[in-house]
Amino acid sequence: MGLIKGAEAEQANGETINIGSGHGITIGDLAATILALMGCHAPIVLDPHRIRPAKCELAELVCDNAKALKLTRWRPRCPLEGGLKESIAFVSRHQDQYKPETYAA
């Protein structure tokens, strides 16, 4: 809905707008939540080469959606788990549209 609101709002034309909840989550916690919602018990494997370096200037990435609210009146309405449940259900119904055996970089 945020993308639609951004496209419809004339004052947002040409602007960069962040659409997100304003709450952060680690990739590991996100993966664990998805596995739990799907009823899966798979291990989450960390690749040490992909972990953020200790001296990285970014401690966390959290979307600031204030500009989206100001320009489009959009605000998040669906909590993360609700959106994940909808996404899982959609993919489950449309598995023929996905190629899980293919890695997309």
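Reply: Let's start with Glu81, which touches Thr33 and Leu37 once residues up to four places away in sequence are left out; touching, or contact, means heavy atoms within 4.5 Å. Before going on, a word on what you're looking at: this is a predicted model, where local features need pLDDT of at least 70 and side-chain atom pairs count only at pLDDT 80 or more, while totals for chains, interfaces and linings use all residues. Residues are numbered from 1 along each chain as its sequence is written, and side-chain values use heavy atoms, with hydrogens and water left out.

Glu81 is found in helix 4, residues 80–93. Helices here are DSSP runs (H or I, at least four residues), numbered from the N terminus. With 43% relative accessibility, Glu81 counts as partly exposed. The cut-offs go like this: buried is under 20% relative accessible area, exposed is over 50%, and partly exposed is in between, using a 1.4 Å probe and protein chains only. Glu81 and Ile34 sit 47 residues apart in sequence, yet their C-alpha atoms are 8.3 Å apart in space.

Now look from the other side of that contact. Thr33 lies in helix 2, residues 27–38, and is buried, because its relative accessibility is 18%. Setting aside neighbours within four places in sequence, Thr33 is in contact with Ile25, Glu81 and Leu84. Compare that with Ala12: it is 21 residues from Thr33 along the chain, and the two C-alpha atoms are separated by 33 Å.

What about helix 2 itself? Its twelve residues should span 16 Å at 1.5 Å a residue, and its end C-alpha atoms are 16 Å apart, so the two agree. (The expected span is 1.5 Å times one less than the number of residues.) After helix 2 comes Gly39, with a positive phi near 70°.

Follow the chain onward and you get to Ile51, in the loop between helix 2 and helix 3 (66–72). Ile51 is partly exposed, at 49% relative accessible area. Together with Ile44 and Leu46, Ile51 makes a nonpolar surface patch of about 300 Å².

Glu15 is partly exposed at 40%, and Lys67 is partly exposed at 33%.

Last stop: the cysteines. A disulfide is a covalent bond between the sulfur atoms of two cysteines. Here, a pair counts if the sulfur atoms are within 2.5 Å, and the count comes to zero disulfides. Cys56 is in none, with the nearest cysteine sulfur, that of Cys63, 18 Å away. For Cys63, the closest cysteine sulfur is in Cys78, and at 15 Å that is too far for a bond. Cys56 is partly exposed, with a relative accessible area of 25%, and Cys63 is also partly exposed, at 25% relative accessibility.

How values were computed:
Helix = DSSP H or I, 4+ residues; strand = E, 2+ residues; numbered from the N terminus. Patch = residues over 30% accessible without salt bridge, like charges linked within 9 Å, V, L, I, M, F, W, Y side chains within 5 Å. Areas by Shrake-Rupley, 256 points an atom, 1.4 Å probe, with all protein chains shown as cover. Salt bridge = Lys/Arg side-chain N within 4 Å of Asp/Glu carboxyl O.
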